[in-house]
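Subject: Structure for you to look at

Hello,

Here is the structure we talked about. My notes on its core and its aromatic rings follow below.

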Amino acid sequence: MRFAQAAELGVTPQTLASPYQVHSPDVVVTSVAWEKDRPKADGVVSNTPGLAVGIVTADCGPVLFAEEMAGVVGAAHAGWKGALGGVLENTILEMVKLGAVRENITAILGPTISQTNYEVGPDFPAPFTDLDAANASFFIPSQKPDQPMFDLTGYIVHRLKNAGVQAGAVDRCTYEEAENFYSYRRTTHRGEPDYGRQLSAIVLNRQEN
């Protein structure tokens with residue numbers, strides 16, 4: 001599958017850089033793909049033409065970044081922990097260090113679990129509301145007492161816009177669209193033995209002379 005996904009981007013698997021994800025705020029900058037010993041990080045940034053950068057998800061938010069004028073791209077794996085911890089802002093910061101202009105960065109959130117399918121525990125909202133009381137708006141009651149529903153998509157887009165970039169989302173739910181996307185939560189609810197992951201990647205095209 002990795003070969004097919006790389007081919008769709010016009011690259012080879014040997015020019016697709018994807019880190020070892022650990023739900024962290026950490027971001028790496030690279031000019032090469034890693035054959036082994038992938039760095040532990042949840043964001044990857046590059047200004048190397050022909051190198052694709054990507055992350056894998058199965059409910060968490062895949063965010064792809066591009067600053068066309070500066071020639072800088074990035075990808076971030078934004079689960080709730082990474083989004084809360086700053087992986088999105090850190091990805092933007094590393095892009096700026098490579099010459100990107102913050103206001104010119106476009107960030108798009110790919111398929112992510114929707115609020116109607118993301119029930120969380122009673123203690124889950126506290127880190128968000130402790131950071132900013134206004135974050136309570138990303139939680140709504142569910143049919144179960146003290147089990148709110150979390151709007152991960154809305155929260156990610158909110159953080160991106162607050163970081164000063166142009167942001168949007170494709171508005172597709174990984175949980176609901178079983179025929180199209182992998183979902184960790186759906187697999188768990190069905191008692192299935194394992195689940196797949198979707199790769200989200202972006203490549204800076206080589207400039208023609």
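Leaving aside neighbours within four places in sequence, which residues is Val 63 in contact with? Contact means heavy atoms within 4.5 Å. Val 63 touches Gly 74, Ala 75, Ala 76, Leu 88, Ala 107, Ile 108, Leu 109, Ile 156 and Leu 160.

Some ground rules. This is a predicted model: local features need pLDDT of at least 70, side-chain atom pairs count only at pLDDT 80 or more, and totals for chains, interfaces and linings use all residues. Numbering starts from 1 along each chain as its sequence is written, and side-chain values use heavy atoms, with hydrogens and water left out.

**Core**

The largest nonpolar core has 34 residues. (Such a core is a set of buried Ala, Val, Leu, Ile, Met, Phe, Trp, Tyr and Cys residues joined through side-chain atoms within 4.5 Å; buried means under 20% relative accessible area, with a 1.4 Å probe and protein chains only.) Val 63, Phe 65, Leu 88, Phe 150, Ile 156 and Leu 160 touch the most other members. The helix α5 gives the largest share, five residues. (Helices are DSSP runs of H or I, at least four residues.) A separate core has 13 residues, including Trp 34.

**Aromatics**

Rings of Phe, Tyr and Trp (its six-membered ring) pair if their centres lie within 6.5 Å; planes under 30 degrees apart are stacked, over 60 edge-to-face, the rest tilted. There are 13 aromatic pairs. Phe 124 and Phe 128 are stacked, at 5.4 Å and 25 degrees. Phe 124 is buried at 15%, and Phe 128 at 0%. Phe 124 and Phe 139 sit edge-to-face, at 6.1 Å and 65 degrees.

Best wishes

Notes
Buried < 20%, exposed > 50% of the residue type's maximum accessible area, 1.4 Å probe, protein only. Helix = DSSP H or I, 4+ residues; strand = E, 2+ residues; numbered from the N terminus.
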